[in-house]
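Here is a set of exercises to work through with the model open beside you. Try each task yourself, then compare your steps with the solution below it.

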Amino acid sequence: SLLSIAMFLAAGLTAAAQDNLVKNSDFENWDGGVPAQWQKSGKDSPSNATVKEAAEGRSGKALEVEHKVQGKKGQNVRYHCNALDLKAGNYTLSFYAKAVSEAVVNGGWHKTGTSGKTAYTYGKDLKVDNNEWKQFTFKFELKEDASVDVFVANKKDSKGAVLIDDV
């Protein structure tokens, strides 16, 4: 999958082994209305978002995330994969996104069990529309071995639902 977390070897060369560490990265498997191996991020997520299976993914099915509350009371809606035990090193998070109308997406990571604004490390916002799938890419370095939650986000500035696929 192109929406992947790829671990880059720390050898003296720039050779990279791209192993997708995210389970169900293509959102093909669902369990009780939620994507298998994925869950909401934070206690507020159920009250401010609707998450459902979308048949029109980039490659098969996709994750559709829509805000219930927009404007000043809106919040970023994050969905994360099951915790990953990662070694210190360099990683790349990438995924494809497409909006139902207009949206702003992002992605990133935080140490498992942490929360709050300072706990989350985000990439750069990506504006998407309903014309084509766009790829989000974020490279980051873990300074030490850690259990991390990698997430995708529909930002509060979005106007409606966003489709996420191929993490």
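**Exercise 1. Decide whether Asp166 is buried or exposed, and find which residue is its salt-bridge partner.**

Step 1. Start with the cut-offs: buried means under 20% relative accessible area, exposed over 50%, and partly exposed in between, with a 1.4 Å probe and protein chains only. The relative accessible area of Asp166 is 4%, so this residue is buried.

Step 2. Before going on, note that this is a predicted model, in which local features need pLDDT of at least 70 and side-chain atom pairs count only at pLDDT 80 or more, while totals for chains, interfaces and linings use all residues. Residues are numbered from 1 along each chain as its sequence is written, and side-chain values use heavy atoms, with hydrogens and water left out.

Step 3. Now look for a salt bridge, that is, a side-chain nitrogen of Lys or Arg within 4 Å of a carboxyl oxygen of Asp or Glu. The partner of Asp166 is Arg58, with the closest N and O atoms 2.7 Å apart.

Step 4. Strands (E, at least two residues) and helices (H or I, at least four) are DSSP runs, numbered from the N terminus. Asp166 is in the segment after strand 15 (162-165) and Arg58 in the loop between strand 5 and strand 6, so the pair links distant parts of the chain, 108 residues apart.

**Exercise 2. Which residue forms a salt bridge with Lys155, and which ring does Lys155 lie over?**

Step 1. The salt-bridge partner is Asp125, the closest N and O atoms being 3.1 Å apart. This pair links distant parts of the chain: Asp125 is in the loop between strand 11 and strand 12 (126-129), and Lys155 is in the loop between strand 14 and strand 15, 30 residues apart.

Step 2. Asp125 counts as partly exposed at 38% relative accessibility, while Lys155 counts as buried at 12%.

Step 3. Lys155 lies over the face of Tyr122, 5.0 Å from the ring centre.

Step 4. Apply the rule to an arginine too: the charged end of Arg78 sits over the ring of Tyr120, 4.0 Å from its centre.

**Exercise 3. Classify the aromatic pairs Phe95 with Phe136 and Tyr120 with Phe151.**

Step 1. Rings of Phe, Tyr and Trp (its six-membered ring) pair if their centres lie within 6.5 Å; planes under 30 degrees apart count as stacked, over 60 as edge-to-face and the rest as tilted. The whole structure holds eight aromatic pairs.

Step 2. Phe95 and Phe136 are stacked, at 4.8 Å centre to centre with 25° between the planes. Phe95 is in strand 9 (residues 89-99) and Phe136 in strand 13 (residues 134-142), so the pair ties together parts 41 residues apart in sequence. Phe95 is buried at 0% relative accessibility, and Phe136 is buried at 2%.

Step 3. The ring centres of Tyr120 and Phe151 are 5.6 Å apart and their planes lie at 85°, so this pair is edge-to-face. Tyr120 is buried at 13%, and Phe151 is buried at 0%.

Step 4. Finish with the cluster that ring pairs form from Tyr91, Trp109, Phe138 and Phe140.

**Exercise 4. Which residues touch the most other members of the largest nonpolar core?**

Step 1. A nonpolar core is a set of buried Ala, Val, Leu, Ile, Met, Phe, Trp, Tyr and Cys residues joined through side-chain atoms within 4.5 Å.

Step 2. The largest core has 32 residues, and Ile164 and Val167 touch the most other members. Strand 9 gives the most to this core, with five residues.

Step 3. A second, separate core of five residues includes Ala54, Ala62, Tyr96 and Trp133.

Definitions and conventions
Lys NZ or Arg CZ within 6 Å of the ring centre and 35° of its normal.
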